[in-house]
Amino acid sequence: MPHDAFTRPIIFTDLDDTLFQTLRKIPGPQAQQPLAVGALDRDLAPRSFMMARQANLVQWMLAQAETIPVTARGTDELARVCIPFDSYAITTHGAVILTPQGEPDASWQAQISAQLAPYQTRLAALQQHVSTLLADPQAQDAHLPTAPGWCRMCQEYGIPIYLVMKVKESSQLEALNRYADWVAQTFDLDGFYVHRNGNNIAWLPNCIDKGHAVRYLLARLHEHAPDRPVLGFGDSLTDFSFMQQCDFLALPQRSQVLALLQDALSRH
């Protein structure tokens with residue numbers, strides 16, 4: 001039975017490490033046979049790839065449902081994704097909702113901008129604190145490692161949104177997490193939450209959340225078609241916040257959420 005505007009499924013899906021990933025994260029010989037490019041880097045060279053099953057899944061999503069990306073990528077980074085989404089998009093951990101025409105949703109922008117205003121001074125101070133740490137970790141604490149790293153303030157609407165930190169070598173994740181532990185001990189993070197996933201640690205104001213953006217957009221999509229089923233795809237804890245708004249949840253085989261679920265189940 002074909003779907004119409006009142007029954008067509010809605011899919012909210014994360015992108016990186018859910019629909020595609022870098023070659024480094026593809027296990028074994030499959031890394032030699034990626035099927036399609038998922039996203040480009042800043043120089044517009046292929047950086048992330050879909051395996052055959054991922055590419056087939058994406059084709060099914062686009063054909064059968066209104067498929068909406070929900071990503072930590074900024075708006076500029078979403079433009080380098082090679083999947084032809086044609087509906088709304090949620091970027092920057094939920095700070096931005098793009099309309100099908102590619103314009104920021106004005107009401108959501110006003111709401112987020114107002115909520116972020118009290119954070120601006122503290123975001124700048126946090127960036128300075130982390131930059132000082134990374135410039136010479138042992139000058140701050142002799143027990144810290146010396147893995148080179150960097151931090152970047154993610155911006156939208158011309159204002160800072162959240163801070164992200166990485167190390168240059170992904171094999172030095174222990175050092176990255178020790179840096180984050182040190183920040184938690186030396187900076188007042190009240191009103192922030194910390195997202196840790198591989199070589200990526202982000203400090204986000206509580207108002208920036210994929211779940212908040214999906215709840216807002218879903219209310220609009222369900223306003224005149226409340227029986228449209230909703231599916232959520234994602235791999236990390238920040239994805240789980242929006243997946244809980246969905247009727248059905250799907251996890252990649254190798255994902256942060258599944259690992260935590262397996263660990264919790266093993267304790268029973």
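This is a dialogue about a predicted model and the terms used to describe it.

Trainee: What should I know about the model before the terms?

Mentor: The model is predicted: local features need pLDDT of at least 70, side-chain atom pairs count only at pLDDT 80 or more, and totals for chains, interfaces and linings use all residues. Residues are numbered from 1 along each chain as its sequence is written, and side-chain values use heavy atoms, with hydrogens and water left out.

Trainee: How many helices and strands does the protein have?

Mentor: Nine helices and 13 strands. Both are DSSP runs, numbered from the N terminus: helices are H or I with at least four residues, strands are E with at least two.

Trainee: What makes leucine 218 buried?

Mentor: Buried means under 20% relative accessible area, exposed means over 50%, and partly exposed lies in between (1.4 Å probe, protein chains only). Leucine 218 has 9%, so it is buried. It sits in helix H7, residues 210–222. Across the protein, 46% of the 268 residues are buried.

Trainee: Which residues does leucine 218 touch beyond four places in sequence?

Mentor: Ile10, Phe12, Val230 and Gln245. Contact means heavy atoms within 4.5 Å. Glutamine 245 is 27 residues away along the chain, with a C-alpha separation of 8.4 Å from leucine 218.

Trainee: Is lysine 210 buried or exposed?

Mentor: Buried: its relative accessible area is 3%. Lysine 210 also belongs to helix H7. Its contacts, neighbours up to four places away aside, include Asp14, His93, Asp239 and Phe242.

Trainee: How do you know that arginine 42 is exposed?

Mentor: Its relative accessible area is 56%, so it passes the cut-off for exposed. Arginine 42 lies in the loop between strand S3 (36–40) and strand S4 (46–50). Outside four places in sequence, arginine 42 contacts Asp76, Arg80 and Arg152. The C-alpha atoms of arginine 42 and aspartate 76 are 9.6 Å apart, at a chain distance of 34 residues.

Trainee: What is the phi of leucine 44, in that loop between S3 and S4?

Mentor: Near 65 degrees, a positive value in a residue other than glycine. Most residues other than glycine have a negative phi. Leucine 44 also counts as exposed, at 57% relative accessibility.

Trainee: What makes a set of residues a nonpolar core?

Mentor: Its members are buried Ala, Val, Leu, Ile, Met, Phe, Trp, Tyr and Cys residues, joined through side-chain atoms within 4.5 Å. The largest such core here has 70 residues. Phe12, Leu126, Val130, Met165 and Trp203 have the most contacts inside it. Tryptophan 203 touches, among others, Leu126, Val130 and Met165.
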